[in-house]
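Student: Could you walk me through this model? I'd like to ask some questions as we go.

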Amino acid sequence: MSPDPRRYRTAARHYLTGRPPYANALIRRVAELCGLDASRRVLDLGCGPGQLALAFAPFVQEVVGIDPEPEMLRIAQEEAARAGRVIHFRRGSSQDLGPDLGAFRMAAIGRAFHWMDREDALRRLDEIIEPGGAVVLFGDDHPAVPENRWTPAFRALIDRYAEGDAEAAARKAPDWLRHEAVLLDSSFPHLERVSFLERRSTPLEHFVDRALSLSSVSRERIGDRADDLTREVREVMTGFAGHGMIAEVIESEALIARREPPLFFAFLA
């Protein structure tokens, strides 16, 4: 857990524009694999501005989103209202999970699991995920293809401004346990990975938001240096832009963790 509970206070307004949305095909595939339907409930834990909550709302009866940052929740509520969706957002963290929330078919966690006491969160989720349900970790990556030739320069720039951030350094340490290792030792050890790759064209200016959406280099953390970061992002990314747009290939990923293997896996075994 971050020692700063407001770590994402200033990053929140950059998140929806900066962070790549998950592929629609991935959302549909996860809904299918996890057996979501109009009678089910989904928990979006560490919901941020509600990307996953909104994505899964059409598939289920109810979505509950939980996040510790009030500014994230404010944006999530605005986005839900704009989309005409009734989603229940509440302030809290994985430490607030308990039977009072009711049972869920699926818990979605997008780019947030590393901020939690992962073992404790999975124990708590075990109490509220219904039989046959799943915990699903969502993320994105940029594979090493020609369109993504900008990624080394962008990441090097972020790393330079993030220097001294203890949380970011901890996740890069040799003894940091990958999420897969934590899940394999939990009540949800049966893992299945699903991903979709898409070519996208992204406005250069969105990469400024992408940088400032990262807590390690947010204005909350680096202060006025964020202005220098903004300038350097524009300078670096201009070299890869055509008519103000950056080509990128994004891999949207989901790691589905279940208590028991899916029936078709069990049959094959």
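This is a predicted model: local features need pLDDT of at least 70, side-chain atom pairs count only at pLDDT 80 or more; totals for chains, interfaces and linings use all residues.

Student: How many helices and strands does the protein chain have?

Tutor: We count DSSP runs numbered from the N terminus: H or I of at least four residues for helices, E of at least two for strands. On that basis the protein chain has seven strands and 12 helices.

Student: What radius of gyration does the protein chain have, against a compact globule?

Tutor: The radius is taken over C-alpha atoms, and the globule rule is 2.2 Å times the number of residues to the power 0.38. The C-alpha trace spans about 50 × 45 × 40 Å along its principal axes. With 269 residues, a compact globule would come out near 18 Å, which agrees with the chain's 19 Å.

Student: What share of the contacts with a separation of 6 or more comes from residues 24 or more positions apart?

Tutor: Contact here means heavy atoms within 4.5 Å. Among contacts with a separation of 6 or more, residues 24 or more positions apart account for 82%.

Student: How far apart do the centres of the positive and negative side chains lie?

Tutor: Lys and Arg count as positive, Asp and Glu as negative, and His and the chain ends are not counted. Each charge is placed at NZ of Lys, CZ of Arg, CG of Asp or CD of Glu. There are 36 positive and 42 negative side chains, and the centres of the two sets are separated by 2 Å.

Student: Is Arg-200 buried or exposed?

Tutor: Buried means under 20% relative accessible area, exposed over 50%, and partly exposed in between (1.4 Å probe, protein chains only). Arg-200 is found in strand β6, residues 190–203. Its relative accessible area is 18%, so Arg-200 is buried.

Student: Which residue has its backbone oxygen 2.9 Å from a polar atom of the Arg-200 side chain?

Tutor: Leaving out residues up to four places away in sequence, Arg-200 touches Pro-20, Tyr-22 and Glu-248, among others. The backbone oxygen at 2.9 Å from a polar atom of its side chain belongs to Pro-21.

Student: Which residues does Ala-80 touch, not counting residues up to four places away in sequence?

Tutor: Ala-80 sits in helix α4, residues 70–83. With a relative accessible area of 3%, Ala-80 is buried. Beyond those sequence neighbours, the residues it touches are Leu-54, Arg-85, Ile-87 and Phe-89.

Student: How far apart in space are Ala-166 and Ser-216, C-alpha to C-alpha?

Tutor: Ala-166 belongs to helix α7, residues 166–172, and counts as exposed at 54% relative accessibility. Ala-166 and Ser-216 are 50 residues apart in sequence, and their C-alpha atoms are separated by 9.0 Å.

Student: What is phi of His-243?

Tutor: Most residues other than glycine have a negative phi. His-243 lies in the loop between α11 (225–238) and β7 (245–258), and it is exposed, with a relative accessible area of 86%. Its phi is positive, near 55°.

Student: Where does Arg-111 lie?

Tutor: Arg-111 has a positive phi, near 55°. At 14% relative accessible area, Arg-111 is buried. Its place is the loop between β4 (104–110) and α5 (118–128).

Notes
Residues are numbered from 1 along each chain as its sequence is written. Side-chain values use heavy atoms; hydrogens and water are left out. A polar contact is a pair of N or O atoms within 3.5 Å; within protein, one must be able to donate a hydrogen and the other to accept it, and residues adjacent in sequence count only if both atoms are side-chain atoms.
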